[in-house]
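Me: I am new to this structure and would like to learn how to read it step by step. Could you take me through it slowly, giving the general idea where there is one and then the case at hand?

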Amino acid sequence: AYPPPDGNILNNIVNSLIAVPRFYNQVLHLMNKMNLPAPFRMALPTPPLPSQGPLPPPPPPQPSMTEKLHLADLSSDESEMESSDEDVDKREVKRAKHEAIVGPAVDRSVAHESVGVKPVALVPNELQVIKKKNPVLQIKIVPKAAYKELADRSIIDRELASRDEQLEEKHFATPQEIEKEKLPTEEILSLPMFKNYTPGNPASVLYIKNLVKDVVHDDFYYVFGSVFESLDAARSGLSIKLMQEGRMRGQAFVTFPSVEHAQRALNLAHGYAFKGKPMIIQFGRNPGASKAS
């Protein structure tokens with residue numbers, strides 16, 4: 001059992017709080033966990049020290065296995081009486097432990113603010129220095145070459161991050177990427193599906209066929225996004241009618257805000273091998289007429 005607090009013990013505890021920052025942090029954590037008032041204010045009056053009482057008696061020895069078997073053979077009345085006594089002892093020990101960790105001995109009927117504020121001088125002028133055998137602080141000297149490698153790595157990371165941000169902002173294929181995946185002109189003309197191809201009269205509607213089966217609306221924003229310079233402009237400027245059932249499956253009618261936009265889109269994506277199949281793009285009259293034809 002620990003001795004009750006006195007001036008000498010409290011001074012040593014305060015010195016340890018100053019010398020060991022980790023101990024100071026743990027004390028603050030414990031005060032917060034026990035719902036004690038935070039110490040970040042003016043010093044409160046020092047409560048009176050508890051009286052020097054006798055140490056609590058040692059716990060009774062545990063019964064042996066023979067005694068446990070003998071107790072098990074007792075009558076029900078005797079066991080009930082003993083269990084009730086043991087419950088009372090346990091409750092008293094639990095209450096004593098609860099009262100022991102409540103906090104400093106402070107008169108709860110008197111508010112700290114009404115008592116007044118006065119300085120507390122528990123720490124002597126000369127602090128005791130606590131020496132540690134093993135030093136905790138380790139200084140690691142990095143050579144100049146390592147500094148250069150770290151700087152180069154940070155520059156590369158920033159460039160990759162900026163490139164990723166640009167890709168996230170666009171979310172559509174650039175003209176260079178589409179041109180890279182387009183079939184050459186002579187190869188387009190040699191395919192049977194392009195045998196009788198004619199672009200038709202310029203219009204604001206594009207008729208697109210030879211699409212893959214799993215194509216969705218977002219794929220058209222991805223392909224024609226560079227015509228609008230931003231994904232939001234493509235979403236607001238395009239009107240898409242995608243055929244996903246019956247004989248018209250794999251075909252779509254995409255309406256652009258102007259004939260110029262449609263002309264740029266046809267020149268950009270005609271013959272583009274999207275998901276492995278080249279897109280065939282022609283001018284259409286309007287979605288309803290094209291669908292009827």
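Me: Let me begin with a pair of strands: in which sense do β2 and β3 pair, and over how many bridges?

Reply: Please keep in mind throughout that this is a predicted model. In it, β2 and β3 pair in the antiparallel sense, and five bridges join them. One place to look is Ile240, which stands opposite Val254 in β3.

Me: Which strands form the sheet, and in what order?

Reply: The sheet is open and is formed by four strands, which follow one another in the order β2-β3-β1-β6 with antiparallel pairing. At the edges are β2, residues 239-243, and β6, residues 280-284, each of which pairs on one side only. Going from one strand to the next, the twist averages 20°.

Me: How many bridges join β1 to β6?

Reply: Five bridges join these two strands, β1 and β6, which run antiparallel.

Me: Are the residues of β1 and β3 mostly covered or mostly open?

Reply: A residue counts as buried when its relative accessible area is under 20%. By that cut-off β1 is mostly covered, with four of its five residues buried, and β3 is likewise mostly covered, with four of its five residues buried. For the chain as a whole, 20% of its 293 residues count as buried.

Me: Which helices should I look at around the sheet, and what do they touch or lie across?

Reply: Helix α9, residues 217-228, packs on the sheet, where it touches β1, β2, β3 and β6, and its direction makes about 130° with that of β2. Helix α11, residues 259-269, lies across β1 and β6, and it runs at about 160° to β6.

Me: How is a pair of packed helices described, and what is the case for helix α1 and helix α2?

Reply: In general, two packed helices are described by the angle between their axes and the distance between the axes. Here helix α1 spans residues 7-19 and helix α2 spans residues 21-33, and their axes come within 5 Å and cross at roughly 110°. That angle makes α1 roughly perpendicular to α2. On the side of α1 the contact is made by Ile13, Ser16, Leu17 and Ala19, and on the side of α2 by Pro21, Phe23, Tyr24 and Val27. Sorted by class, the contact has seven nonpolar residues, one polar residue and no charged residues.

Me: Turning to the loops, which phi value does Asn35 have, and where does Asn35 lie?

Reply: Asn35 has a positive phi of about 60°, although it is not a glycine, and it lies in the loop between α2 and α3, the latter being residues 65-72. With a relative accessibility of 69%, Asn35 counts as exposed.

Me: What is the phi of Lys275, and where does Lys275 lie?

Reply: Lys275 is a residue other than glycine with a positive phi, near 55°. Its place is the loop between β4, residues 273-274, and β5, residues 277-278. Lys275 counts as partly exposed, because its relative accessibility is 45%.

Me: Finally, how many helices and strands does the chain have, and what share of its contacts joins residues 24 or more positions apart?

Reply: The secondary structure comes to 12 helices and six strands. Among contacts with a separation of 6 or more, 72% are between residues 24 or more positions apart. The accessible surface of the chain comes to about 22700 Å², and 57% of that surface belongs to carbon and sulfur atoms.

How values were computed
Residues are numbered from 1 along each chain as its sequence is written. This is a predicted model: local features need pLDDT of at least 70, side-chain atom pairs count only at pLDDT 80 or more; totals for chains, interfaces and linings use all residues. Side-chain values use heavy atoms; hydrogens and water are left out. Buried means under 20% relative accessible area, exposed over 50%, partly exposed in between (1.4 Å probe, protein chains only). Contact means heavy atoms within 4.5 Å. Accessible areas come from the Shrake-Rupley method with a 1.4 Å probe; for residues, only the protein chains shown count as cover. Two strands pair if DSSP finds at least two bridges between them. Axes are lines fitted to C-alpha atoms, for helices over the stretch in contact, and angles run from 0 to 180 degrees between N-to-C directions. Angles under 35 degrees count as roughly parallel, over 145 as roughly antiparallel, 65 to 115 as roughly perpendicular and the rest as oblique. Ala, Val, Leu, Ile, Met, Phe, Trp, Tyr, Cys and Pro count as nonpolar, Asp, Glu, Lys and Arg as charged, and the others, Gly among them, as polar.
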